[in-house]
Structures are given as C-alpha cells and as structure tokens.
Amino acid sequence: MSKSNPLTLVSCPTCQKKTPWSNENIDRPFCSSQCKLIDLGEWASESYAIPQQTSEEDEVFSEELVVNPNKSFL
Ligand SMILES: [Zn+2]
C-alpha cells in the first residue's frame, strides 16, 4: 500500500500558475492569498459582470427542464 497518488494541480484563476490542490493550501484554487484577494477585488469592482445574453440562455434551458422533467429520462 504505497501512497503514490500524484498531487492534483489546479490553475490559479488569477495568474494561471499551477498550484497544488491540498488541504495544506488554504488559498486553493489560488496559488497565494495575494491572488485570492486580487480575484475577490475584481468581483467587487464589477469587472466580472455577467453578460445578459448568457443569463437569458440559461433561463430558456432551465425552463425546458422544468416543463419536461420526465421526458428526458423516459
Ligand atoms: Zn496566482
């Protein structure tokens, strides 16, 4: 029983740097607390505003699923 699982790496959303996904990495998926703060700051400054077109498409899809909940399975 050797623990040879490779370390899972994720890309930091802020700087795209590969960073290990582990319990020790408290800032995951960010590579550092600095990148974490940068990302949070961008959310707060509305630069991540969701395009209206995307949200309209999502509404159409979810509406179809609600109308025909069984047809997609049977
Ligand atoms: Zn980073």
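The pLDDT is the predictor's confidence in each residue, on a scale from 0 to 100. The structure is a predicted model, in which local features need a pLDDT of at least 70 and side-chain atom pairs count only at pLDDT 80 or more, whereas totals for chains, interfaces and linings use all residues. Residues are numbered from 1 along each chain as its sequence is written. The mean pLDDT of the chain is 76, and 54% of its residues reach 70 or more.

Secondary structure was assigned from DSSP runs, with helices taken as H or I over at least four residues, strands as E over at least two, and both numbered from the N terminus. On this basis the chain holds two helices and two strands, which follow one another along the sequence in the pattern β-β-α-α.

Burial was judged from C-beta atoms placed from the backbone: a residue is buried if 20 or more other C-beta atoms lie within 10 Å of its own, exposed if 12 or fewer do, and partly exposed in between. Buried residues make up 4% of the 74 residues in the chain. Two residues are described as in contact if their C-beta atoms, again placed from the backbone, lie within 7 Å. Of the contacts in the chain with a separation of 6 or more, 8% are between residues 24 or more positions apart.

An unreviewed UniProt entry places the feature "binding site" at C12, C15, C31 and C35. Although these positions are spread over 24 residues of sequence, they cluster in space, the largest C-alpha distance being 8.2 Å. UniProt positions are given here in the numbering of the model, with feature names shortened, and such annotations may be inferred rather than shown by experiment.

Of these positions, C15 lies in the loop between β1 (9-11) and β2 (18-20), and C15 counts as partly exposed because 14 other C-beta atoms are within 10 Å. When residues up to four places away in sequence are not counted, C15 touches C31 and C35. C35 itself is found in helix α1, which covers residues 33-44, and C35 is also partly exposed, since it has 19 C-beta neighbours inside 10 Å. With the sequence neighbours up to four places away again left out, the contacts of C35 are C12, T14, C15 and F30.

Helix α1 has twelve residues and reaches 17 Å from its first C-alpha to its last, close to the 16 Å expected at 1.5 Å a residue, where the expected span is 1.5 Å times one less than the number of residues. The number of buried residues among the twelve of α1 is zero, so the helix lies largely in the open. K36 also has its place in helix α1 and is partly exposed, because 18 other C-beta atoms lie within 10 Å. K36 touches D27 and F30, not counting residues up to four places away in sequence, and the C-alpha atoms of K36 and P13, 23 residues apart along the chain, are separated by 8.5 Å.

Two backbone features occur in loops. In the loop between β1 and β2, Q16 has a phi near 65°, a positive value in a residue other than glycine; Q16 is classed as exposed because 10 other C-beta atoms lie within 10 Å. In the loop between β2 and α1 lies P29, which is joined to R28 by a cis peptide bond with omega of about 0°.
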